[in-house]
Amino acid sequence: MRQKHKRMKCVLQSMDNALLGSGFATKIEEDSIEIENENGMPVLPMGTQVKVIVYGMENGMHVFAGHVYYSVKERLRVDNIVLCAGSEQRKAYRVTINGPGMLLVYAQRPGGEYGDKLFEEPVTVRDISSGGCLIEAEKNVHIRGRALKLRLTMYETVEELELEIMSARDKSISEVLYGMSFRNVNQRVEQALDLYLLRVQQDQIRKSRRLGY
């Protein structure tokens, strides 16, 4: 089924999706993954249940769950791996950023097509995954029934992602949290998202090490 022997970037998480470390998946077999990082990873007890997010596989990013077989500072192996279901992959792949974004609001034509741009509105992107994001916006900004895009800086690149509102809830008297789904994501943007999320996770891991978490 799975036999990969090239270095693929990966992130190690607990079962509640807390970031543990990152490295390279150097070997993926039918029931195990071997991970290396010359800069070090947390040493985990044998039998610890973890998730491994692997980037760069033929069908894109995958999330596996399994149990630690052995773990030393620069290498570990996860056994009894299973591929997580789609809903669990989305949870594992969601990262908190609490960063700025720009919501582009357009008139909506029949069929959901984009009409004239009406205005731009600064928002806060609370979290993001490969499939969508959570944004915070002012309640008095009228966006329902309109075509939307999110302009987001992803380190060196800036992308505009088409959005669809999936949920909304009040955060305060003046602010609303919108759950957004990305629409019509092409392969180039999908790869940019993968790279961005990986780098955010790696930055968060490095920060937690500096702060001693």
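Modeller: On a 1 Å grid over the protein atoms alone, a pocket is an open set of points where a 1.4 Å probe fits, with protein on both sides within 12 Å along at least five of seven lines, and lining residues have an atom within 4 Å of a point. The model is predicted, so local features need pLDDT of at least 70 and side-chain atom pairs 80 or more, while totals for chains, interfaces and linings use all residues. Residues are numbered from 1 along each chain as its sequence is written, and side-chain values use heavy atoms, without hydrogens and water.

Fifteen residues line the largest pocket, and Ser22, Gly23, Phe24, Asn37 and Asn39 lie nearest its centre. Strand 2 (19–28) and helix 2 (187–211) are the elements that each give two or more residues to this lining; helices (H or I, at least four residues) and strands (E, at least two) are DSSP runs, numbered from the N terminus. Helix 2 supplies the largest share, four residues. The volume of the largest pocket is about 310 Å³, a volume being the space filled by probe spheres set on the points, which are joined across faces, edges and corners.

The second largest pocket holds about 230 Å³. Among its 13 lining residues, Gly56, Met57, Gly60, Gln191 and Asp194 are closest to the centre. Strand 4, strand 5 and helix 2 each give two or more residues to this lining, and helix 2 gives the most, with six.
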